[in-house]
Amino acid sequence: MSASALAAQLFTGLVLGGLFVLLAIGLSLIFGLLTVVNFAHGSLYMLGAYFGFFLLGLTGSFWVALALAPLMVGVFGLLVERFLVRRLYGRSIDDPLLLTFGLSLVLVEAVKLVWGKVGLTLDPPRELGAAVNLGFMTFPVYRLFVIAVTALVLLALWLFLERTNVGLVIRAGSRDPLMVRALGIDLGRIWLVVFGIGTGLAGLAGILAGPMRGVYAEMGVTIVIESFVVVVVGGMGSLVGAIVAGVLIGEVVSLTTFVAPKLAEIMVFVVMALVLLVRPSGLFGEAGLLE
Amino acid sequence: MDRRAFLGTATAAAAALAFPAVLRAQTRDPVKIGFPIPLTGPFGAIAEDMQRGATLAMEQVNARGGVLGRKLEVLFRDDQLKPAVGAQRTKELIENDRVQFVVGGIAAHVQMAINEQTKKAGVLFISVSQSDEISAKPDTSPITFHEALNPTITGRAMAAWAVQNLGKRWWIVYADYAWGKQNNAVFSDIIKKHGGTVLESTPYPLGNPEFSAHLPKIQAARPEVLLSVAPGADSVAFLKQAISFGLKKDVKLVQPLHILPYNRQGGAELFSDVYGATSFYWELEDTIPQAKSFVEAFRKRFNTVPDAYGSYGYSGIHEVARGVAVAKSLDSEAVAKALRANPTYSHYKSKQWWRACDNKAFQDLWITRGRPASAVRGDWGLLEIIARIPANEELDRTCAEKGHA
C-alpha cells in the first residue's frame, strides 16, 4: 500500500464516517434523554431526502431545500413524540422500539403511495457537482461539503448543549430526570424538543445523502443498522461516543474494503463485538441506561 | 359474522365438500394462475411493470374468449421479496385459491422457494426471474419453465460484446449474493477468453449503496471498463458515486442489465454512455411489428411503456394460455408436454423457443447505451439500441453442464 493510496483510503473513510456521525448523534440524543430506541430513524432519514426533493421542485433551490427539509422532518418528529411515543413513557424499553419499528414500515409504504415506487433523483447544486484533485486522489466536492456541514452542525449542537439554559436542562435531565422534575421543570416539553432535534438531524442526513446514494423508499433500511452499531460502539446516549465511533466505523469500512472487500461488512460487527467485550457499555457509555 | 351468515356459509361449505367434482364441472370456473411477486420492497417498481404486463395478457386472452371456453384469472400476491413469504403465498394460492398454474417471482432466491412449492404440488410454474439454477439440477423439474434470461446468457452476451468493443482492462464491483456472484464469474471467464484482464473483482454487501471506499483504488488502477453488478437502487447509487469521483471521464461504465425504471430514477445525465443489456426495450416497436402491437396495447391500457420485466410477465401468461389451448387440458404435465412439443412462440418480440431438455426459453437480447440528456425521447426514451444478440442456445450452459442426463 503506497502512502498516497493509504491517504486516499483514510480520507474517504473519514468522510464516510461523517454521515454515520450525523445519524448516530440523533439516535444517541434521543436515547440518552428519553431511553427510546428510535427504529424509525432510518425512515426519517429517508423522509428528509423526499422532503428535500419536494422542496427542490417547489423552490428550485437546493439551499432552501437543505435548510427546510430537516425542519419539516423535525416537525414531523415533534408530532410523533407528542401523539405516539409519549403514550409509552414509563413502559418497558421494547414498547417504543416496536412502535417506531412499525412506524418505519408505514412510512416506507406511505412514501411509495405519494411519490411512487420508482426512486427519485436529487442532484447536488451545480457549484458542488465537480470533483477536485486533492493531490493524492480526485475527490467529489459534494462529499467535502457534507463533511463541512456535519462539522458545523456538531459545533452548533455542542454550543446549544453546553452554553444555553435549555441545553443545561437537557444534560441534567439525561443524568437525573427525577431531580430535574423536583426542581419544577417541565421535562415533557424538553423531551419533545430533543425528539424534534434528533429527528431533524436524521432528516438533514437524508437530504445530504440523497445526491450521493439516490433517493428511494428503502434508503434508510441498512443505514439505520449501521447507525445503531455506531451508537452501541460509542456508548448509548453519549454524543462524544457517537462522533468517535462514527469516524472509527467509517475508517474500518474504508480500510477493510481496501484490503479485503469481502470482509468489510462483517468487520463492522467484529469491531462492535470487540468493543463490547472490553467495555460492555461502549467506548463512552454509562452502565445501566438500558435497564 | 352473525348466526344466519354462519349457517349459510357452513351449508355452502358442506355442499362444496360433498359434491366438489359436480360443482367444478357445472360452473364454468375461471382458469386460475397464481402470481407471487414482490409488490412491496425495493423491487416494487419492477414488480409493478410485471403486474401490468400480466394483467394485459390476461385481458387479451379473455377478450378473445378465454381458454377452453373459460375465463383466465390471475391472482397476484405480494411475496415481499422474502423466500419464506413467497413459499407461503404460493402454498395458499395452490391449496386455498386452487390455482392451476403459477407464474412469477422476480428475485432469484424467492423464485426458488416458489418453485419448491409448485414442484411439491405438481403445479406448472413459469419463472420470470433471472436465475441460472431454476433450469438446472437439482432445482429444475419437468413442470418448471424459465421464461426470463439468466445471468449466464446475459453475462456471456454482454461480456463478449463489451470486451471486443469497449476495452480489455476491466474492474468488477458486484453485489455479494447469488446474482452478483454468477455475473462476476461469467464476466471474468468471458473477458479472459477474449484476451482481456480483470484487474480486480470487489464484492459489496447487497442493499448497502455506499461505494466510496472502493473508488480510490479504482481511480488508481485506471481500468478501461468498469462493470457494476448492482441491482435496482444500488446501481443508481454506484453510478452516482463513481461519476462523482470523476470516473466517467476515462472509463467505460457497464452494467449487465438496463432496467428502465432505474434508468428513469437515476436520470438521463447519470446513465448517458452507460452500457447494459436487456431482453426488451420499448423502442423495438420501431422495428418489430409484434413489439409495436404489444407496446401500443400496453400504452393504451396503462399510459406508460412496458419494460423487460413487464414483457416477461406478459409472455408468461400468454404461454400458459397457449399451452392449455394446445394441450386442451388443465393438467400441468399435459400442458408442459404440449409446450415442449410445440416449443416455438412469439408474443411480443422476435421468435422464442423452449429447449426441451431443460424447459429454458431462448430469445434475442439487445445491448443498449444511455442517451445523453439532449437526445432523450419523451419520458422513457433513455436508451438507444446498439446491437442485437440473436437467440442462441450456446450462450447458456449445455443441458449436460446443467445436470440433465
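Is Arg355(B) buried or exposed, and which salt bridges do the side chains of Asp358(B) and Asp396(B) form?

Author: This is a predicted model, in which local features need pLDDT of at least 70 and side-chain atom pairs count only at pLDDT 80 or more, while totals for chains, interfaces and linings use all residues. Residues are numbered from 1 along each chain as its sequence is written, chains are lettered from A and ligands numbered from 1 in the order in which they are written, and side-chain values use heavy atoms, with hydrogens and water left out.

Arg355(B) counts as buried, at 8% relative accessibility, where buried means under 20% relative accessible area, exposed over 50% and partly exposed in between, with a 1.4 Å probe and protein chains only. Asp358(B) is likewise buried, and its side chain meets that of Arg355(B) in a salt bridge with an N to O distance of 2.9 Å; the term stands for a side-chain nitrogen of Lys or Arg within 4 Å of a carboxyl oxygen of Asp or Glu.

Arg355(B) also forms a salt bridge with Asp396(B), at 3.6 Å from N to O. Because Arg355(B) lies in strand 12 (residues 352-355) of chain B and Asp396(B) in the segment after strand 15 (383-389), this pair ties together parts that are 41 residues apart in sequence; strands here are DSSP runs of E, at least two residues long, numbered from the N terminus. Asp396(B) is buried too, with a relative accessible area of 2%.

Elsewhere in chain B, Glu283(B), Asp286(B), Arg371(B) and Arg377(B) are joined into one network by salt bridges that share partners.

How values were computed:
Helices (H or I, at least four residues) and strands (E, at least two) are DSSP runs, numbered from the N terminus.
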